[in-house]
Amino acid sequence: MTSAVQQLLLAGEGISKRYPGVVALDRVDFTVHVGEVHGLIGENGAGKSTLMKILAGIIQPDEGVIRLAGQPIQLSSPRDANDRGIALVHQELNLVPYLTVAENIFLGREIVSKAGLIRANEQERSCRQLLAELDPSIDPRSEVHRLRVGQQQVVEIAKAINCKARVIFMDEPTSAISDTEVAALFQLISSLRNSGVSIVYVSHKLDELLKITDRITVLRDGKFVQTVQTSQADRNTIVRLMVGRELSDLYVHSPPQPQRCERLRVDSLTLNRKNTERPVVDNFSFEAYGGEVLGIFGLMGSGRTELLETVFGLHAQQMSGEITIDGVPKTIDSPAEAIRLGLGLVPEDRKRQGLILSMSVEQNISLSNLQDMESSGILSHHRERQHAESYVQQFAIKTPAVTQPVRTLSGGNQQKVVLSKVLSSKPRVLMLDEPTRGIDVSAKREIYALIDRLKREGMAVIVVSSELPELLGIADRILVMCEGCKTAEFDRRDASEELLMQAAVPKEAAITT
C-alpha cells in the first residue's frame, strides 16, 4: 500500500492573497491526494474561490508555494494549469454557447491537418468516444446552448478529461441541475475517482459533501481551519468548524400574525408561450397574507419561477387572469408598475437578473429607488451613499466600501445587496425565488431571520424553493406546483417532505416509479 506522502498529488503551502482592504487568504495549506474526492467548504468570503482560482492558474498568489507531485510549480495561466493536468469546472459554465459540443471540448486544442485546417470529423469521432463513458445521449454536433445544464456540465468535465486532467476542481456543481442529473454527476465523480482522477468539490451543501467526499477542508475568514476525514465527521462538526460555534436552530420561524390581511390575490393566472404544448402556468390561483410566509415548491420545470415573473409583470403580453393587490384589481404590465404597486421580486439568478456586476454596491442598491436619490432632478451621490451605507450596516454586508464593484463580493453578500435593492422600494409583498441558493449556512440563517422579521412587521413574503427542509422550516403555508398547475396546499402543521414530493411529481412519473 502506498504511503500518504507518495499519494500526494497537488499541494498549496502557505498560500496568501490580499486585495485592497481584504485579506482573501492568509497562509492557507491545502493538499489533494491521488484518486480522492476532497471537499472544500466555508462561509461566503472564506476564501474558497480564491484558493481554487490560484491552484487552477487563474490568479497569482502573493505568497506561498504550489507543488505538483512534490515539485514546486508556478501557474501563469489556466492554460498552463491545464497543460499540467489541473482543470476547473466553473459554477457559471465556461462554454461557448453557439459552438458545438466537439468544438467546445477541443477549443484551443483543435486537431488540425498539416495545412492547418481543423479536422472536424476526427474531433467529433474522438468526442463521441469520450462522451460514451460520460453521457452517450449528448450529440457532439449539437450546439451547447441546446443542452440541459446538467449536460453542459458533462461537456465541461469531458473538456477537462480531454486535457488529461489529473485534478478537476468543481465549483458548486449541483447548484442548477435536477435531482436526476445530480445522481448522474455523483456516479461520474465515482468513476473518475476509480480511474485515479482527483476531484476538489466546492459546495455549500453539507449533505452532498458528507455523501461523496473522502476528506473535507474548512476555511474561515481566509484561514485554514481543519481538514477532517469524512467518515469521522457529521453535519454539526462541519458547521461548527465553518462558523466557529454551534449553529443551532438554522431555521427561524415565528407564528403568523393572528389578524392577517390579504395583500395579494391571484385568480386563474395562465401563462402561454409560443412553441409549448401546454401553458407554462395553468389556471393558478392563490392568496398571500401580510404577516405570513407562503412557500411554493415544485420540481425543475414546474413553472414556479415563471409564476413569480408573471405576477411581477415580466410576461404581460402572454398572460391571462386577474391580480388583486390590497383588495383592488390591478393590471401589471411591467416590473416598474409592479414595484409602484408594492411588489418586490428577488430573482433566482442574482448575477444575471438581480445585479449589474460592473456597478458598485451603492449603485446597485439604489437602482429600484432612484427617484428618492435625486435632488432637483439630479442624482445625489451623497444621498445614494448614505442610503447604501444604511443597508450595508443593517444587513452586515461584508464589503471594504459601498463603492466596491459588486462582482467582487461573495455570493451571500451579493444576495444581501439584491435584497437591499428590492427592500429599498418598500414593498408590501416580497417574492423570493431560491433566496439561499449557493450561499453558506451562516448567511442562510441571516436571510431566514430577515424573512421572519419582515413577516412580523406585516409584510407578505412568498418563497419559492427547491429545498424541502427550507420550506418546512420557514413557511406557514406551502403550495405545490406540477407542470404549471397547483396540485396541493398544506398548512405548516400538516406538511411533510413525502407529501410535498408526492404532489410535485407528475402522475405519469409517479405510476412508473
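Reader: Which residues are buried in helix 10?

Author: In this predicted model, helix 10 covers residues 304–311 and is mostly covered. Of its 8 residues, 7 are buried. The buried residues of helix 10 are R304, T305, L307, L308, E309, T310 and V311.

Reader: Which residue takes a positive phi just after helix 10, and of about what value?

Author: Helix 10 runs over residues 304–311. Just after helix 10, the residue with a positive phi is G313, at about 90°.

Reader: What is the strand order of the open sheet of 6 strands?

Author: The edge strands pair on one side only, and they are strand 6 (86–89) and strand 10 (223–229). From one strand to the next, the twist averages 20°. The sheet is open with mixed pairing, and its order is 6-7-8-3-9-10.

Reader: Which residue is the bridge partner of L88 in strand 7?

Author: Strand 6 and strand 7 (residues 167–171) run parallel and are joined by 4 bridges. Within strand 7, the partner of L88 is F169.

Reader: At about what angle to strand 3 does helix 2 run?

Author: Helix 2 (residues 48–55) lies across several strands, among them strand 3 (37–42), strand 8 (198–202) and strand 9 (215–220). Strand 6 and strand 7 also lie under this description of helix 2. Relative to strand 3, helix 2 runs at about 140°.

Reader: Are helix 6 and helix 7 roughly parallel or roughly antiparallel to each other?

Author: Two packed helices are described by the angle between their axes and the distance between the axes. For helix 6 (residues 149–162) and helix 7 (residues 179–194), the axes come within 10 Å and cross at roughly 15°. Angles under 35 degrees count as roughly parallel. Helix 6 and helix 7 are therefore roughly parallel.

Reader: How many nonpolar, polar and charged residues does the contact of helix 6 with helix 7 have?

Author: Helix 6 passes helix 7 in a right-handed crossing. Helix 6 contributes G150, Q151, Q153, I157 and I161, while helix 7 contributes E181, L185, L188 and L192. By class, this contact has 5 nonpolar, 3 polar and 1 charged residues.

Reader: What is the handedness of the crossing in which helix 15 passes helix 16?

Author: Helix 15 (residues 411–423) and helix 16 (residues 441–456) pack at about 15°, with axes 12 Å apart. The two helices are therefore roughly parallel to each other. The crossing of helix 15 past helix 16 is left-handed.

Reader: How do the residues of the contact of helix 15 with helix 16 divide by class?

Author: On the side of helix 15, the contact is made by Q415, K416, L419 and L423. On the side of helix 16, it is made by E446, I447, L450 and L454. These residues divide into 5 nonpolar, 1 polar and 2 charged.

Reader: Why is strand 19 largely enclosed by the rest of the structure?

Author: Strand 19 is covered on both faces, with V429, M431 and D433 buried on one side and L430 and L432 buried on the other. In a regular strand the side chains alternate between the two faces of the sheet. Strand 19 (residues 429–433) is largely enclosed because its buried residues number 5 of the 5.

Reader: Which residue in strand 20 is the bridge partner of V429?

Author: Strand 16 (residues 343–346) runs parallel to strand 19 and is joined to it by 4 bridges, with G344 opposite L430. Strand 19 also pairs in the parallel sense with strand 20 (residues 460–464), over 5 bridges. In strand 20, the partner of V429 is A460.

Technical notes
Residues are numbered from 1 along each chain as its sequence is written. This is a predicted model: local features need pLDDT of at least 70, side-chain atom pairs count only at pLDDT 80 or more; totals for chains, interfaces and linings use all residues. Side-chain values use heavy atoms; hydrogens and water are left out. Two strands pair if DSSP finds at least two bridges between them. Axes are lines fitted to C-alpha atoms, for helices over the stretch in contact, and angles run from 0 to 180 degrees between N-to-C directions. Contact means heavy atoms within 4.5 Å. Angles under 35 degrees count as roughly parallel, over 145 as roughly antiparallel, 65 to 115 as roughly perpendicular and the rest as oblique. A crossing is left-handed if the near helix is turned anticlockwise from the far one by less than a right angle, and right-handed if clockwise. Ala, Val, Leu, Ile, Met, Phe, Trp, Tyr, Cys and Pro count as nonpolar, Asp, Glu, Lys and Arg as charged, and the others, Gly among them, as polar. Buried means under 20% relative accessible area, exposed over 50%, partly exposed in between (1.4 Å probe, protein chains only).
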